[in-house]
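I opened the structure and kept short notes on what I looked up. They follow in the order in which I went through the topics.

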Amino acid sequence: MSQAIGREVNRVDGPQKVTGAARYSGEIRLPDLAHAQIVGASVGRGRITAIDTAAAEGAGGVVGILTHHNVPKVNRVPLVPSLLGAPAPGETFFPMQDDQVHYAGQPVAIVVADTLEQAQYAAGLVRVDYDEAPSVTTIDQGRADAYEPEKIFGGFMPAQLHRGDIGEGLAAADVRVDTTFHFAPNHHNALEALTTTAAWDGGDLTLYDSCQGIKAVQLTVAALLGMSPSRIRVRTRFIGGAFGSKAMVWPHVTLTALAARHVRRPVRLVVTRGQMFTSCGHREEQEQHVTLGADRDGRLTAIRHHKTSVTSPFDDWAEPAFGAASQLYASPAFEGVHHLVRGNTMTPTFTRGPGEACGVFTLECAMDELAGELGIDPVELRLRNLTNVDPNTGHPWSSGGLAECLRRGADRFGWDGRGPERDGNWLVGTGMAASAYPVAFFMRTQRARARLYSDGTAVVATAAQEFGTGMTTVLTQVAADGLGVDLDDVRLDFGDTDLPTAGSPVGSNGAMMVSSAVHNAATAVRDQMIALAVADPESPLHGADPSKVTAAGGRMTLDGSTETYRDLMDRHLINDTDAIGSWDPPPLDTPHGLLTFGAQFARVAVDADLGLIRVRHMVAAFAPGRVLNPKTARSQLMGGMLWGMSQALLEGTYMDTTLGRWANTGFGDYLVPVNADAPDIDIELIEVEDTVTGPLGVKGVGEIGQVGSAAAIANAVHNATGHRPRALPITPESLLPTTP
């Protein structure tokens, strides 16, 4: 019986973080540590004609400068998602291998000095001359040369999706909605910037890296440098936020290792806040065109969904616009096509809710418009189009819950009494959207080790790291229940590639995949102890059916007979016992539809004169399978919903097409929400049983909180003002009335 799973347990890493005992990659203390600073290209495209490092070399404390003239050649490594068992470079291009510049901010030199301040000062003294060439940085600049790739998302997904006959479906429609949405690029701004500390010991390398997957770092650096992974150890326990920016392994990690080898001492490189905009990918600029066809009763007959976005000069990268968007509703015909524009930016990457945050936005805003055209309540329109199977495959859902989320969310929000209404000078409106996010099975075998000691305490070890999601807390809960001991008697060892391998927790799969391995390791130890007890003539459980013995609080029990782990181990002179637990995810072609479902509702107020938008209240209901810890789950979902609000109203990076570089690369003009922007948020968790996703039935909550949030807000803005937002972020000026 579960004692810890499902409880609102406080973060086990909380005391370390609030007291400063938690150590991040930028806080590792190593003797003779030097500091590195990147010099980025100031042009969007061209060739380096000269690099003058004389002034920098003469500055105090400088111990080395790397340019394309002295950086060793590295291997070319293909771009793949951050899978366990495969290298995961953020882009196939590696900088400082020649004199070519492909995007502004691309590293062209690395300055290493005794202190960070000396490195920063000397980096400003490096002079680089360029033969500049015209750059392409926006959709409009490259639209004429847009192309259809064969694969997207690092080659992981097809670029097209078709079902049914789209022509027949649209022809059969009584009503159509045809609309286009534009999305400004978004950049990651985690509290902790990219940080790597590298130290060599002969031919062995140790890295402390702010990342989402230490195994991916180990394998990527090994592949680039032509080393055995056994010679590289990555140690990272705590990460100050990631959100996709640290899912792939960016060039600065390997450059730090090369710098440390060059100066023959440990080196730390911390990417500046401005350089975060050119160092770890981004959510690309994109344009999405959707056409819905429906009959008079609101049942969809066709969905056509096309996307155009900007990728890098070297990789076919695009967020998948119509993953969940093609699965949410039972339209008999669907057509999805991605178009790419090669631009002078770095390769885009995962950003929270990748693909679905924009793809579902497009669909759900179009659905709201369709509801208005038909005079059908938006919640009812969605209920009429739900399906019990994945419409792309016909397979049943591994678990559902969308109808319940829509109904319970609407009831909790008070949807029946929706606006619009007026509150003084504020126009108040309400909106809603369905949410969905794929359950990802692209990871490999996961492993964990559980060790039980004779005093009843236990240590569970896995290579996974804690990047702010509460991973260590839920894994401790899973371990305690699996072992049958109290929560306080479990210690989690994590964040080291020398520990049993766990993959990168990306795509909301962290809790699902790592908890499965921890559960299997813990229950294997528990079963060892039960087997020992029932075979022991001196045990009160001797001869019992092992399958009927339960374990909790460090004791095994059946029908009033009990035996503690301590007594059993002492009697057998056992100091400790352990087991390795592994978990293999179902195959990618598992015969089930795999989505996590939710529904979101928003109430906004718009200043009638100034166009200012304030989100007053948000309600959501989510069905994420089994909930390991409601407190950390709600925290994750709330964070996602606030990021969706930020996507809707604040965040956008803009390109200076004359210079070929981002125009707003700091918190002064790249806007993110603060506490004062946060509305009241009410979240309901609806547990649904799932026997496909792993032994615990966990599906994940990291991404779905953002998916649907921006659409609910945009639909509420329309309800309040009558204006249909067609671009994100929604700016006040876009809502102001225009005059001739």
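Is Arg382 buried or exposed? I looked it up in the model, which is a predicted one. Arg382 counts as buried, at 0% relative accessibility.

**Entry: the partner of Arg382**

I then looked for the partner of this arginine. The side chains of Arg382 and Glu364 form a salt bridge, with 2.6 Å from N to O. I noted where the two sit: Glu364 belongs to helix H8 (residues 356-374) and Arg382 to helix H9 (residues 378-384), 18 residues apart. Glu364 is buried as well, because its relative accessible area is 0%.

**Entry: other salt bridges**

How many salt bridges does a search of the whole structure find? I got 33. I wrote down two further pairs and one network.

Glu8 and Arg634 meet through their side chains in a salt bridge of 2.9 Å, N to O. This pair links distant parts of the chain, 626 residues apart. Glu8 lies in the segment before helix H1 (14-19), and Arg634 lies in helix H14 (residues 630-649). I checked the exposure of both ends. Glu8 is partly exposed at 47% relative accessibility, and Arg634 is partly exposed with a relative accessible area of 30%.

Arg571 and Asp536 make another salt bridge, at 2.8 Å from N to O. Arg571 is in helix H13 (residues 565-571), while Asp536 is in the loop between helix H12 (510-534) and strand E23 (550-552). The two are 35 residues apart. Arg571 counts as partly exposed at 28% relative accessibility, whereas Asp536 counts as buried at 5%.

I also noted a network: Glu404, Arg408, Arg412, Asp682 and Glu684 are joined by salt bridges that share partners.

**Entry: cysteines**

How many disulfides does a search of the whole structure find? I found zero. I looked at Cys211 and Cys280 to see why. For Cys211, the closest cysteine sulfur is in Cys280, 13 Å away, so the two are too far apart for a bond. Taken from Cys280, the closest cysteine sulfur is that of Cys211, again at 13 Å and too far for a bond. Cys211 counts as buried because its relative accessibility is 2%. Cys280 counts as buried at 0%.

**Entry: Ala260**

Where is Ala260 placed? I located Ala260 in helix H7 (residues 251-263). Ala260 is buried, as its relative accessible area is 1%. Leaving out residues up to four places away in sequence, I listed Ala198, Trp200, Arg265 and Val267 as the residues that Ala260 touches. I also checked Gly64, which is 196 residues from Ala260 along the chain. The C-alpha atoms of Gly64 and Ala260 are 9.7 Å apart.

**Entry: strands around E5**

I went on to strand E5 (residues 107-113). Seven of the seven residues of E5 are buried, so the strand is mostly covered. Which strands did I find paired with E5? Strand E1 (residues 34-40) runs antiparallel to E5, with six bridges. Strand E3 (residues 62-66) is also antiparallel to E5, with four bridges. I noted Ala113 in both pairings. Ala113 of E5 is the bridge partner of His35, and Val62 stands opposite Ala113 too.

**Entry: strand E2**

I checked strand E2 (residues 46-52) next. E2 is joined to strand E4 (residues 100-101) by two bridges, in the antiparallel sense. In this pairing, Gly46 stands opposite Val101 of E4. E2 also pairs with strand E6 (residues 127-132), antiparallel, over six bridges. Here I noted that Asp131 in E6 is the bridge partner of Arg47.

**Entry: a six-stranded sheet**

In what order do the six strands of the open sheet lie? I read the order as E9-E17-E16-E15-E10-E32, with mixed pairing. Strand E9 (160-163) and strand E32 (727-728) are the edge strands, each pairing on one side only. Within the sheet I looked at E10 (residues 175-183) and E15 (residues 286-294), which are antiparallel and share nine bridges. One position I wrote down is Phe181, with Gln288 in E15 as its bridge partner.

Definitions and conventions: Residues are numbered from 1 along each chain as its sequence is written. This is a predicted model: local features need pLDDT of at least 70, side-chain atom pairs count only at pLDDT 80 or more; totals for chains, interfaces and linings use all residues. Side-chain values use heavy atoms; hydrogens and water are left out. Buried means under 20% relative accessible area, exposed over 50%, partly exposed in between (1.4 Å probe, protein chains only). Contact means heavy atoms within 4.5 Å. A disulfide is a pair of cysteine sulfur atoms within 2.5 Å. A salt bridge is a side-chain nitrogen of Lys or Arg within 4 Å of a carboxyl oxygen of Asp or Glu. Two strands pair if DSSP finds at least two bridges between them.
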